[in-house]
Amino acid sequence: MSTLLSHRRSVRPLALLRLFLGILLPLLIVGFIAEDVLEKQRFAFETPFLLALHRHASPSLDHLALLFTTLGGVSVIAPLSALLLLFLWLKKRS
């Protein structure tokens, strides 16, 4: 029990700040965005962001976006995940 208490006292404020900024703050931001998505509300930054994005639209960027969409789809990710799993399993066995 005394080691637990001594460990508690060794927690530094900087470590707690890093923990807050690195884990809790991003989770809160995602939570606020998820709440708006569930309620189907618009974000304050949505319209200006989409207008700025539309100003840079071009056929080549459309093709690039479609490529990224395809690469991130189930038909690509599922086989890659299976190959990675097989590779790790074979590596562990040898």
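Lys40 sits in the loop that joins α2 (13–38) to α3 (46–55). In this predicted model, its phi is positive, at about 55 degrees, although Lys40 is not a glycine. Most residues other than glycine have a negative phi. Lys40 counts as exposed because its relative accessibility is 76%, and exposed requires over 50%.

Ile33 belongs to helix α2. Its relative accessibility is 35%. Ile33 therefore counts as partly exposed, a class that lies between the 20% and 50% limits. The C-alpha atom of Ile33 is 8.2 Å from that of Phe43. Ten residues separate Ile33 and Phe43 along the chain.

Ile33 also contributes to a nonpolar surface patch of about 970 Å². Leu14, like Ile33, is placed in helix α2.

The UniProt record, an unreviewed entry, annotates residues 15–34 and 64–90 as "transmembrane region". Such annotations may be inferred rather than shown by experiment. In the model, residues 15–34 are 100% helix and 0% strand. The end C-alpha atoms of this span lie 28 Å apart. Residues 64–90 are 93% helix, again with 0% strand. Here the end C-alpha atoms are separated by 35 Å.

The fold of the protein chain can be stated briefly. The chain holds five helices and zero strands. Its pattern along the sequence is α-α-α-α-α. Of the 94 residues in the chain, 1% are buried, where buried means under 20% relative accessible area. The accessible surface of the chain amounts to about 8,900 Å². Carbon and sulfur atoms account for 73% of that surface.

The mean pLDDT of the protein chain is 86, and 88% of its residues reach 70 or more. Helix α1 (residues 2–9) has the lowest confidence, with a mean of 55. Helix α5 (residues 74–93) has the highest, at 94.

Key. Residues numbered from 1 in each chain as written. Predicted model: local features only at pLDDT ≥ 70, side-chain atom pairs only at ≥ 80, totals over all residues. Heavy atoms only, no water. Helix = DSSP H or I, 4+ residues; strand = E, 2+ residues; numbered from the N terminus. Buried < 20%, exposed > 50% of the residue type's maximum accessible area, 1.4 Å probe, protein only. Patch = residues over 30% accessible without salt bridge, like charges linked within 9 Å, V, L, I, M, F, W, Y side chains within 5 Å. Areas by Shrake-Rupley, 256 points an atom, 1.4 Å probe, with all protein chains shown as cover. Salt bridge = Lys/Arg side-chain N within 4 Å of Asp/Glu carboxyl O. pLDDT = per-residue confidence, 0-100.
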